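Hi there,

Here is the structure I promised to pass on.

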Amino acid sequence: MGSCKLLVCLLFLIDLCSSVLVEQQSLVLSYHNGPLLTTMPTVDVYVIWYGRFSPAQRSIVGDFVQSLEDSNAKEPSVYSWWKTTERYSGTSNQATVMSSTRLGNQKLDDAYSLGKSLKRSDIAALVETAIASRALPENGNAVYLVLTSDDVTVEGFCMSCGFHANLLATKKLLLPYAWVGNSETQCPGQCAWPFNQPIYGPQSPPLVAPNGDMGIDGMIINIATVLAGAVTNPFDTGYFQGDANVPLEAVSACPGIYGKGAYPGFPGELLMDKTTGASYNARGVNGREFLLPAMWDPVTASCKTLV
């Protein structure tokens with residue numbers, strides 16, 4: 001009888017341990033057998049500047065995109081962060097991995113051609129107009145990045161700090177595009193943290209932005225997020241977890257993590273610029289410093305940080 005009780009207890013403990021193991025299993029982004037931009041030899045990033053951005057602001061963003069392919073940058077680098085996307089491959093994607101991500105043509109729309117209040121569909125329209133006018137080329141191996149200034153409202157902004165999608169072009173090509181807005185005057189607590197106080201949760205002092213512009217440095221975080229999503233899940237059939245309409249992707253699966261030891265309200269252990277006191281974790285071209293979010297690593301099935 002005693003041995004039976006012992007056996008029951010052991011079975012209970014095994015079941016309990018099993019349930020704990022299930023709850024603590026690693027985050028996994030599943031591959032859904034679709035095409036990836038990570039297997040293209042070269043991916044161009046075309047930028048549409050919608051609204052008023054200063055030359056200094058455009059320079060920060062331009063330097064970030066160029067840093068994606070700058071293998072000579074001092075470590076930890078934007079280049080090393082971006083190289084993680086090359087680990088995203090599937091059975092139908094055994095081509096040469098992406099070797100170059102380049103800053104392509106840019107278009108300025110500082111006259112607010114569609115006004116200062118945009119619907120989500122207007123973002124796609126801006127891309128279509130830029131291609132139709134030949135301001136930007138039609139290229140299936142590219143991401144069209146639409147950036148809106150801080151005085152432009154976009155449908156769903158603040159609930160979302162950016163998104164990527166795709167549209168059918170004139171040559172019957174599916175073209176990935178993305179949008180990110182400058183949240184400085186609208187919702188910096190949601191879209192520019194940790195450079196601004198969060199609107200909810202643990203309150204900690206905001207960090208000093210590495211390029212001296214809270215709105216633009218916040219945009220860099222969100223640009224990094226949507227670009228990583230666009231190359232690893234360009235057509236909603238790549239790598240993601242959950243509903244394809246609201247997926248967890250390469251970076252969005254690792255929210256609020258920028259360095260080791262991160263927890264809600266604390267971005268993690270970061271590097272600090274001795275001159276400016278700014279926090280960063282990645283270096284790029286022209287001596288730039290950036291703060292980049294963690295990215296899910298398919299090899300280790302975990303959120304990978306640079307520091």
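Which side-chain oxygen reaches to the backbone nitrogen of G215 at the start of α6? It belongs to D213, and it comes to within 3.2 Å of that nitrogen. Please keep in mind that this is a predicted model.

While you are looking at α6, the helix runs over residues 214-232, which makes 19 residues. From first C-alpha to last it reaches 28 Å, close to the 27 Å expected at 1.5 Å a residue. The helix is also mostly covered, with 18 of its 19 residues buried.

The loops on either side of α6 have something to show as well. In the loop between α5 (188-191) and α6 you will find P194. In the loop between α6 and β9 (239-240) sits D236. Phi of D236 is near 65°, a positive value in a residue other than glycine. With a relative accessible area of 38%, D236 is partly exposed.

Two other loops are worth a visit. A cis peptide bond joins E75 to P76, with omega near -5°; P76 lies in the loop between α2 (55-67) and α3 (78-83). Further along, A301 has a positive phi of about 55°, although this residue is not a glycine. Look for A301 in the loop between β14 (295-297) and β15 (302-304).

Happy browsing, and do write back with any thoughts.

Best wishes

Note on methods:
Residues are numbered from 1 along each chain as its sequence is written. This is a predicted model: local features need pLDDT of at least 70, side-chain atom pairs count only at pLDDT 80 or more; totals for chains, interfaces and linings use all residues. Side-chain values use heavy atoms; hydrogens and water are left out. Helices (H or I, at least four residues) and strands (E, at least two) are DSSP runs, numbered from the N terminus. The expected span of a helix is 1.5 Å times one less than its number of residues. Buried means under 20% relative accessible area, exposed over 50%, partly exposed in between (1.4 Å probe, protein chains only). A polar contact is a pair of N or O atoms within 3.5 Å; within protein, one must be able to donate a hydrogen and the other to accept it, and residues adjacent in sequence count only if both atoms are side-chain atoms.
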